[in-house]
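Hello,

Here is the structure we talked about. Please open it alongside this note, and my findings follow below.

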Amino acid sequence: MNLQGHEAAPGPARRRPTAARAYLLNQDTVDDYRRTVSAGIDRVAGRVAGADRPFTGITPDRLAPEIDRIDLDRPLHDPAAALDELDSVYLRDAVYFHHPRYLAHLNCPVVIPALLGEAVLSAVNSSMDTWDQSAGGTLIERRLIDWTTDRIGLGPTADGVFTSGGTQSNIQAMLMAREEACASQPVPRAELLPRLRVLTSAAGHFSVQKSAKLLGLARDAVVTVETGPDRRMRPEALAREIDRCHRAGLVVMAVVATAGTTDFGTIDPLPAIAEQCRAAGVWLHVDAAYGCGLLVSTTRRHLLNGIEQADSVTVDYHKSFFQPVSSSAVLVRDRRVLRHATYHADYLNPARMVEQRIPNQVDKSLQTTRRFDALKLWLTLRIMGADALGALFDEVVDRAADTYTLLSTDPRFEVVTRSQLSTVVFRYLPADRHLADDANLHAREALAASGAAVVAGTKVDGRHFLKFTLLNPETTIDDIAHVLDLVAAHASRYVRARTAAEVSVPAPAEVPSVDVAAEPCHVG
Ligand SMILES: Cc1ncc(COP(=O)(O)O)c(C=O)c1O
């Protein structure tokens with residue numbers, strides 16, 4: 001019988017298993033699953049073992065045609081052949097973060113227990129929206145959220161949810177702050193939205209601006225609070241801005257303090273900022289996407305003091321907890337504010353589920369279908385433990401301090417500020433300072449083209465600088481010294497070429513790359 005009470009018409013005979021169905025993971029195909037996935041693991045292991053540099057220096061121009069010529073409508077029907085092909089368009093030229101001379105962005109080498117989690121979670125393929133799609137997964141994620149809020153010290157009413165990354169965590173935090181601000185003001189929303197302001201430092205992450213845009217705030221909604229020479233928000237400047245906003249009839253919706261600025265690895269003075277937020281009745285969000293690794297440090301946890309006073313916190317386990325992308329969470333002091341992400345759908349999370357006390361995570365999340373990323377952290381904590389993670393992070397913070405010392409005693413370079421975490425921003429200083437920007441840009445490009453090392457770049461007060469982000473405990477101070485020699489060799493070669501050219505001024509990319517092996521290299 002069908003739903004209308006009619007006898008079902010006889011359907012086509014049950015189809016025999018086809019070749020396509022052989023690709024589905026089920027009880028008949030587990031051997032194939034083992035073989036296929038193991039073959040993939042072997043390829044990656046081979047590349048990881050064989051990587052003698054972090055990058056081959058491949059350019060988009062060379063790689064794009066190889067990818068374009070692959071006919072996606074003509075499958076290979078052979079995992080080994082597909083892996084061969086993948087090797088030539090991806091694995092061979094991928095950027096390998098496990099290599100000690102990958103020093104660029106906030107990408108970490110990943111711990112093996114988390115990779116075990118990754119393999120399990122994608123094969124079981126739980127979805128974290130509702131209990132009936134995840135069962136134990138929901139409870140495991142909840143335990144990890146509680147574990148994190150305990151480490152932060154957010155108190156008994158705290159809660160949170162895993163997200164895809166720091167950007168999403170920040171967006172959700174700003175959504176909650178906006179809704180709380182709207183609820184607290186006796187003004188129609190349309191009138192209030194253009195008057196809402198978010199205060200953050202110049203070193204805050206650009207996802208704060210993105211959030212403001214997505215949330216329909218004014219173009220000038222994000223107000224930059226002055227930093228000191230240490231690149232940390234100045235509390236007195238914050239007080240000034242809050243006051244200025246109030247006097248202008250604006251409503252400060254949130255202050256975003258950064259615990260680990262992306263460029264400088266500095267931590268805003270959280271206790272002083274928290275005090276001001278409390279006094280002004282303003283939501284405090286702490287973006288600890290980077291600095292959250294200190295939550296498991298046995299020697300530096302105190303650097304996060306004050307974070308426990310936040311209304312919301314962003315943590316990125318995929319930065320300083322050595323987890324594979326993606327793994328992040330947004331945490332809140334008062335679990336009730338998570339309702340600002342709650343909608344009920346009859347098919348998924350009807351309100352009666354709450355009455356029946358069936359746990360679900362979709363009520364707290366911006367996402368619906370969502371990966372069980374929490375499993376990676378779970379297995380990491382169960383296999384290696386929090387202290388071991390903290391020890392790894394402590395090592396890279398120590399290395400950054402040594403790098404700062406090395407650079408500040410090396411007359412070839414200028415270094416910006418002492419990081420509290422693991423970044424170091426510096427630049428090569430040619431005798432002719434006018435060439436500094438171009439020389440540093442060139443050095444970075446030439447280094448990446450050679451693949452010998454990958455470093456990042458950023459601007460400080462309008463000038464081009466280079467940046468090390470150290471997240472690999474395998475990176476030694478000798479690696480750093482060697483990379484500095486390479487930078488100096490590329491930059492000085494550029495300066496010589498420019499000076500010799502005199503009349504025509506080539507763009508950085510036009511200068512032939514340096515055979516650094518031929519350059520005499522000295523540190524210090
Ligand atoms: C301080 C800070 N916040 C937020 C983010 C965004 O995190 P994600 O890249 O995971 O979206 C970053 C990324 O580098 C960051 O450094």
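Asp 316 sits in strand β7, residues 312-316. Strands here are DSSP E runs of at least two residues, helices are H or I runs of at least four, and both are numbered from the N terminus.

Before going on, some ground rules. This is a predicted model, in which local features need pLDDT of at least 70, side-chain atom pairs count only at pLDDT 80 or more, and totals for chains, interfaces and linings use all residues. Residues are numbered from 1 along each chain as its sequence is written, and side-chain values use heavy atoms, with hydrogens and water left out.

Is Asp 316 buried or exposed? Asp 316 is buried, because its relative accessibility is 0%. Buried means under 20% relative accessible area, exposed means over 50%, and partly exposed is in between (1.4 Å probe, protein chains only).

The side chain of Asp 316 has two polar partners listed here. One is the side chain of Lys 319, at 2.5 Å. Another is the side chain of Ser 328, at 2.6 Å. A polar contact is a pair of N or O atoms within 3.5 Å; within protein, one must be able to donate a hydrogen and the other to accept it, and residues adjacent in sequence count only if both atoms are side-chain atoms. Neighbours within four places in sequence aside, Asp 316 is in contact with residues including Gly 165, Gly 166, Ala 288 and Phe 321. Contact means heavy atoms within 4.5 Å.

**Around the ligand**

Which residues come nearest to the ligand? They are Gly 166, Thr 167, Thr 262, Asp 287 and Asp 316, out of 13 around it. A residue counts as near if one of its heavy atoms lies within 4 Å.

- Gly 166: a polar backbone atom at 2.8 Å.
- Thr 262: a polar side-chain atom at 2.8 Å.
- Lys 319: a polar side-chain atom at 3.1 Å.

Taken alone, the ligand exposes 390 Å², and the protein buries 84% of that. Areas come from the Shrake-Rupley method with a 1.4 Å probe; for residues, only the protein chains shown count as cover.

Two or more shell residues come from each of α6 (166-184) and α11 (317-320). The largest share, 3 residues, is from α6. That helix has 19 residues, and 15 of them are buried. From first C-alpha to last, α6 reaches 27 Å, close to the 27 Å expected at 1.5 Å a residue. The expected span is 1.5 Å times one less than the number of residues.

**Backbone points to check**

The peptide bond from Val 325 to Ser 326 is cis, with omega near 0°. Ser 326 lies in the loop between α11 and β8 (328-332).

Phe 322 is in the loop between α11 and β8 too. Its phi is positive, about 60°, although Phe 322 is not a glycine. Phe 322 counts as buried because its relative accessibility is 1%.

Asp 461 also has a positive phi, near 50°, and is not a glycine. Asp 461 lies in the loop between β11 (454-460) and β12 (463-469). Asp 461 counts as exposed, because its relative accessibility is 65%.

**Tyr 102**

Tyr 102 is in strand β1, residues 102-103. Its side chain makes a polar contact of 2.6 Å with the side chain of Asn 107.

Best wishes
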